[in-house]
Amino acid sequence: MARVQFQPRQTGWMDPAVEFRKGTWNYAAVPDTLKYLDLPNPRRWSPPDEDWHLPDNWQEIIYEGLRDRLKKYRSLQIFMDICVRCGACADKCHYFIGSGDPKNMPVLRAELLRSVYRENFTAFGKVLGKIGGGRKLSRQLIKEWFFYFFQCTECRRCSVFCPYGIDTAEITMMGRELLNSLGVSIEWVNTPLANCYRTGNHLGIQPHGFADSIQFAVDELEEITGVRVNTPINRKGAEVLFVAPSADYFASPHYYTLLGYLLLFHATGIDYTWSSYASEGGNFGLFHSSEMMKRLNSKIYMEAKRLGVKFIIGGECGHMWRVLHQYMDTMNGPADFLEVPVSPITGTRFENARSTKMIHISEFTSDLIYHSKLRLDPSRNDHWRTTYHDSCNPARAMGLLEEPRYIIKNVCRNFVEMPENTIREQTFCCGSGSGLGTDENMEMRLRGGLPRANAVKYVKEHNDVNILLCMCAIDKATLPPLLQYWVPDVEVGGVHEMVGNALILDGEPVRKTDLRGTPYPEVVEVGKEGAHA
């Protein structure tokens, strides 16, 4: 990174020439994946290629696709018409801050699509053309769409500052949908989609592999805590279906969050089940098209109906919660075969989930703590000096701001916030969401994550923070390399990892390590007194 010399091109914004420099773009979707998903124009191609082998009628496909979406989504029509280019969003995008590329300003990224709209769908643009802000649809322009729509993480920070309420992420989503209609997409969106169809989770882990992973966690928990937990899978008649992002049961540091879930469910005695069919909470369809999003999301409701549960709890996942909160109810709901979630431990009725019948695990856990239903020893987390990253989708899209903080402050004694304009609704993205968490675009990932890393660096230097907690599987996957580069010696972890560390279980012997196996410097028996020193 230090050797990279980047200077924005000194050309007008309507010049669509794009340089596909190594480290700044994602691999193209492979033809087998496109065929499996029954998507158009499967062929081998690469972004740096001169000829992308678009369909012969590619312009007609784009025009018809845009016309259809303008009719279907009133928000898109409004977003195309009302922007006055005030620039309030310009410096709010982490990719613009990190790259300095003007076309990563949300206003200008939206102009990539808006200019084609003006040229072909407005009288003003048809008459005045380029003078009226219109552009001809060209093959070079398609390449520009691909380059920049796959540098937007759909984090929606820019929308917080737009005085007109324009959600540029929605424009990116429409741009990606139009590109998909030409067979132009990236591998790290389409292959996870295909895997979710085939085996139920985005890495293609088969049901027996899923069960083995859960069993491995049970065995390891017994070694750490001396307590063996029960983990039912595909059990009909359970009260609750629990759905987590698949990274929780195979990747690190996600795995420690999984251990925390298992201890929490054991401690509460909740009647729940996992599912090997709905074994993925993350929804890569959000990064592809509304139709894909709907098809993947339906698996959760279908499995809840098959198992006969009352309601659903979801784990620490980002895009699962944006899909749930903003789209699930109209895409696949209302789920009238389920009941409004009521905590079997506290009796709390989660009216906010009256329609979707699905609550977030941070809502469930914070309610338990509020009603003093958990025995906690926060001193077991004293070796962690924590801060919290508001993952974009649970925080900005769903409003889960207080619940995770309430949990952390009850299970940890060392917590500090990052600077105010980098958290809560104004949180900075990890820089790698929406399918961009690949290695081939590492330079852009590190550039896009610079604002987040800067805020972490601040609390590292001023408060000696050594772990960044979050509630998103993509964050847990992409923040470690980001911090390793920009802020070494700061770890990444989940909120329920801290819960698992602090939980006091009936009959447990002296806990000698945390869930990562890190030995405690000084240990006293905690089972009776609930204290660790």
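Biologist: Which residues in helix 10 meet which residues in helix 13?

Modeller: This is a predicted model, in which local features need pLDDT of at least 70, side-chain atom pairs count only at pLDDT 80 or more, and totals for chains, interfaces and linings use all residues. Residues are numbered from 1 along each chain as its sequence is written, and side-chain values use heavy atoms, without hydrogens and water. Helices (H or I, at least four residues) are DSSP runs numbered from the N terminus, and contact means heavy atoms within 4.5 Å. Here Leu 193, Cys 196 and Tyr 197 of helix 10 meet Met 292, Arg 295, Leu 296 and Lys 299 of helix 13.

Biologist: At what angle do the axes of helix 10 and helix 13 cross?

Modeller: Two packed helices are described by the angle and the distance between their axes. Axes are lines fitted to C-alpha atoms over the stretch in contact, with angles from 0 to 180 degrees between N-to-C directions. For helix 10 (residues 187-199) and helix 13 (residues 290-307), the angle is roughly 35° and the axes come within 11 Å.

Biologist: Why are helix 7 and helix 9 described as they are, relative to each other?

Modeller: Angles under 35 degrees count as roughly parallel, over 145 as roughly antiparallel, 65 to 115 as roughly perpendicular and the rest as oblique. The axes of helix 7 (residues 139-149) and helix 9 (residues 168-180) cross at roughly 130°, and the two helices are therefore oblique. Residues making this contact include Trp 145 of helix 7 and Gly 175 of helix 9.

Biologist: What is the mean pLDDT of the chain?

Modeller: The pLDDT is the predictor's confidence in each residue, from 0 to 100. Its mean is 93 for this chain, with 96% of residues at 70 or more. Over residues 527-533, however, it is below 50. Where pLDDT is low, predicted coordinates should not be read in detail.
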